Amino acid sequence: MTRKIAELSGPAVAGSFGPGTIVVQPMGAIEHHGPHLPLITDALMADEIATAAVERAAADGLDVWQLPTIAYTKSDEHSWAPGTVWLDSETAFETFVQVGRAVSLMGAGTLVYANGHGGNTALLQVVLREVRKRYGLKTFLMPTLTRAPAPGGEDRDEHGLGIHGGAAETSMVMHLRPELVDLAGVDNWAPPHLAEFEYIRFNGGPVSFGWLSNDFGTPGVVGDPRHASAEFGAALWQASVDQAAASLAEIARFDPMAAR
């Protein structure tokens, strides 16, 4: 049986969804990823990983369903690049919140935003609380792409800065849609001088900074795709689906009142 809500009828949704139902909303982007990757990169990964994770979770007995991937999101860090289609923060916020309204009217009890684009993360954190407050849903945010060891050292020259169009994303698309990847002329586009900072970091550091993808003297890429491989992509795929499916299982049993 399909787990894709858009493939069901309205009466099927009304008759199947209840307070224990989890709805997964994949979040992607249509944005510049350098000269070697397609604009659909983030949306592709979010859709494929979410679909596989939902199917696995459903096979394990979870009452979990999937909405169509939202491709147009908050990608204004790439607004300088032709091909990027983005929503401003106000429009994106209301769009993501109104998804929550629709899910609540379906009768479901939980909404999970499965996010494949880093530019959405801060906004979605605010959305979680707003949807919880307005519509009473349990709300969660989880990533689609996760980290995994590079079997051939594909990320060895990135200095930990492979956040956009680098070895990981390139490898994943090589695994999913190799015909969309063109490695001719790629270079190491990880800005090594940023690795010298102890506190100011893209991910995980205590000091964040505002940036546009053309701030670094690169073609809108932050990373090194030269050594990308389908093998690394397959490892990332497996780790990402495993983590997403396990996260859904944990979400299904999460109860903030359990300790009382």
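Q: Is Glu130 buried or exposed?
A: Glu130 is buried, at a relative accessible area of 17%. Buried means under 20%, exposed means over 50%, and partly exposed is in between, with a 1.4 Å probe and protein chains only.

Q: What kind of model is this, and how are residues numbered?
A: The model is predicted, so local features need pLDDT of at least 70 and side-chain atom pairs count only at pLDDT 80 or more, while totals for chains, interfaces and linings use all residues. Residues are numbered from 1 along each chain as its sequence is written, and side-chain values use heavy atoms, leaving out hydrogens and water.

Q: Back to Glu130. What does it form a salt bridge with?
A: With Arg134, where the closest N and O atoms are 2.8 Å apart. A salt bridge here is a side-chain nitrogen of Lys or Arg within 4 Å of a carboxyl oxygen of Asp or Glu.

Q: How many salt bridges does the count come to?
A: The count comes to 9. One of them joins Glu179 and Arg177, with the closest N and O atoms 2.4 Å apart. Glu179 is exposed at 53% relative accessibility, and Arg177 is partly exposed at 34%.

Q: What about Lys74?
A: Lys74 forms a salt bridge with Asp76, and the closest N and O atoms are 3.1 Å apart. Asp76 is partly exposed, with a relative accessible area of 28%.

Q: Why would such side chains pair up?
A: Side chains of opposite charge can pair when their charged atoms come close.

Q: New topic. What volume does the largest pocket have?
A: About 1400 Å³. On a 1 Å grid over the protein atoms alone, a pocket is an open set of points where a 1.4 Å probe fits, with protein on both sides within 12 Å along at least five of seven lines; lining residues have an atom within 4 Å of a point. Points are joined across faces, edges and corners, and the volume is the space filled by probe spheres set on them.

Q: Which helices and strands supply at least two residues each?
A: Helix 2 (41-59), helix 4 (121-135), strand 4 (138-143), helix 5 (167-176) and helix 6 (230-253). Strand 4 gives the most to the lining, with 3 residues.

Q: How does the lining split by class?
A: The lining has 15 nonpolar, 17 polar and 10 charged residues. Ala, Val, Leu, Ile, Met, Phe, Trp, Tyr, Cys and Pro count as nonpolar, Asp, Glu, Lys and Arg as charged, and the others, Gly among them, as polar.

Q: Where is Arg56, and what is its relative accessible area?
A: Arg56 is in helix 2, and its relative accessible area of 31% makes it partly exposed. Arg56 and Ala239 are 183 residues apart in sequence and 13 Å apart in space, C-alpha to C-alpha.

Q: And Ala81?
A: Ala81 is in the loop between strand 2 (64-66) and helix 3. Ala81 is buried, with a relative accessible area of 3%. Between the C-alpha atoms of Ala81 and His33, which are 48 residues apart along the chain, the separation is 9.3 Å.

Q: What is phi for His159?
A: Phi is near 55°, a positive value in a residue other than glycine. Most residues other than glycine have a negative phi. His159 sits in the loop between strand 4 and helix 5 and is partly exposed, with a relative accessible area of 43%.

Q: Where is Pro151?
A: Pro151 is also in the loop between strand 4 and helix 5. Pro151 is exposed, with a relative accessible area of 58%.

Key. Helices (H or I, at least four residues) and strands (E, at least two) are DSSP runs, numbered from the N terminus.
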